[in-house]
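Please read the following alongside the coordinates. The text goes from a pocket to a sheet and then to one strand pair.

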Amino acid sequence: MTALDAVSIITTKRDGGELSDAQIDWVVDAFTRGVVADEQMSALAMAIFWRGMTRRETARWTAAMIASGRRMDLTDLPRPTVDKHSTGGVGDKITLPLAPLVAACGAAVPQLSGRGLGHTGGTLDKLESIPGWQADVPAPRMRDLLTDPAIGAVICAAGADLAPADRRLYALRDVTGTVESIPLIASSIMSKKIAEGTAALLLDVKVGSGAFLKTLDGARELATAMVELGDDAGVRTVALLTAMDIPLGRTAGNALEVAESVEVLAGGGPADVVELTIALAREMVALAGLDADPAEALADGRAMDHWRAMVRAQGGDPDAPLPTAKHTETVRADADGVLTRLDALGVGIAAWRLGAGRARQGDPVQFGAGIEMHAKPGDAVTAGQPLLTMHTDTPDAFTGAAAALRDAVTIETDASLTSAPLILDRIVS
């Protein structure tokens, strides 16, 4: 008989054993109810960190996380549902133009997002820089917006009743050195995405200095685990591995990134943001089983129409001026040559020091803070030319931010640079 108590489950995994379905179901449920203490779940998380989990264990762990709360049912919507999750990076504002673009192609996009922790704000932080915009959307209202053919997309906060066990476990992992566990990362992401009720899911797994995962092998391992979890749960899932050694676009910071996203929806914007938005949209449209060309929906203004309707539906004013920082300072090129390196991590740290991100959950962010990039790798520059503009309400932050940016920039004479691909790999089961 399988022992259903915390100590037996911890020691089984500590000693390299495989947990049974009954053990996983019991420990996740007992932890959610407070029967398993935080220190016991922390010990189990550390055992999982070192010993890992099989595919079956990870799938069952994810299912138990989902079962700890409510699972939304969107099967009766008149449009096919598809969502996207990004593991995050510097300047990653892709969700903002992507959700209305895919909605303009005929899909319903239930995008449950979060606030940032670290370099820059999360998707909700960016959108909350729009005057009046609200992140909290009740489930019945969410269904109405997804059904409305003029809107079709919702970007909002996940309800507290979706995978609550994961929320409690993540808080423990964050303070016990067990965040970097592929099974626990995969189950954390996928439990919330599966619980939201989408029929299909695209994963954008970032790779590089500005990403959580620095190596292609690590990113491929996580992407494969998440694709398997999605397929095991009946959610059609594809993952793209995308480059994050260089920041996306020319801005990093909340309101700055919203403005850049609107430029993309208006038919302009940086080439890399446009390229990745269309590439991800094509994957999502295919997963939804639709025959539509996202490039056309972007070019003819339909995506912009859906953006404006989506913002208004969540209380925002798409025409209102966005917040701007009180102070700016420019970092200039110190030599003639070619910009050969603009390190995403350094730009992210600078944006964080300026106030665009947060060090702890619940800290405020400065909506106008961040970095504008006037040159990207491969561009010729001259001494004294503006390279980056820093924005902040706290000018004392300029010194630390400028130091991070100087370390992030390399200018070489007589150099040439071949542009690297944005999409590095595609993972399907």
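The second largest pocket has a volume of about 600 Å³. A pocket here is an open set of points on a 1 Å grid over the protein atoms alone, with protein on both sides within 12 Å along at least five of seven lines; grid points are joined across faces, edges and corners, and the volume is the space filled by probe spheres set on the points, the probe being 1.4 Å. The model is predicted: local features need pLDDT of at least 70 and side-chain atom pairs count only at pLDDT 80 or more, while totals for chains, interfaces and linings use all residues. Residues are numbered from 1 along each chain as its sequence is written, and side-chain values use heavy atoms, with hydrogens and water left out.

The lining of this pocket (residues with an atom within 4 Å of a point) comprises 20 residues, and Ile246, Asp272, Pro377, Ser419 and Ala420 lie nearest the centre. By class there are 11 nonpolar, 4 polar and 5 charged residues; Ala, Val, Leu, Ile, Met, Phe, Trp, Tyr, Cys and Pro count as nonpolar, Asp, Glu, Lys and Arg as charged, and the others, Gly among them, as polar. Helix 12 (residues 271-287) gives the most to the lining, with 3 residues. Helices (H or I, at least four residues) and strands (E, at least two) are DSSP runs numbered from the N terminus.

Four strands form an open sheet in the order 1-4-5-13, with mixed pairing, where pairing requires at least two DSSP bridges between two strands. Strand 1 (82-86) and strand 13 (423-427) are the edge strands, each pairing on one side only. Strand 5 (residues 236-243) pairs with strand 13 in the antiparallel sense over 4 bridges, and Leu241 stands opposite Asp425 in strand 13. Helix 12 packs on the sheet, touching strands 1, 4, 5 and 13, and its direction makes about 150° with that of strand 4. Contact means heavy atoms within 4.5 Å; axes are lines fitted to C-alpha atoms, for helices over the stretch in contact, and angles run from 0 to 180 degrees between N-to-C directions.

Elsewhere, strand 2 (residues 109-113) contains Ser113. Strand 2 pairs with strand 3 (residues 153-157) in the parallel sense over 5 bridges, with Ser113 opposite Ala157. Is Ser113 buried or exposed? Ser113 is buried, because its relative accessible area is 13%; buried means under 20%, exposed over 50% and partly exposed in between, with a 1.4 Å probe and protein chains only. Among the residues that Ser113 touches are Thr123, Leu124 and Ile155.

Definitions and conventions:
Lists of a residue's contacts leave out its neighbours within four places in sequence.
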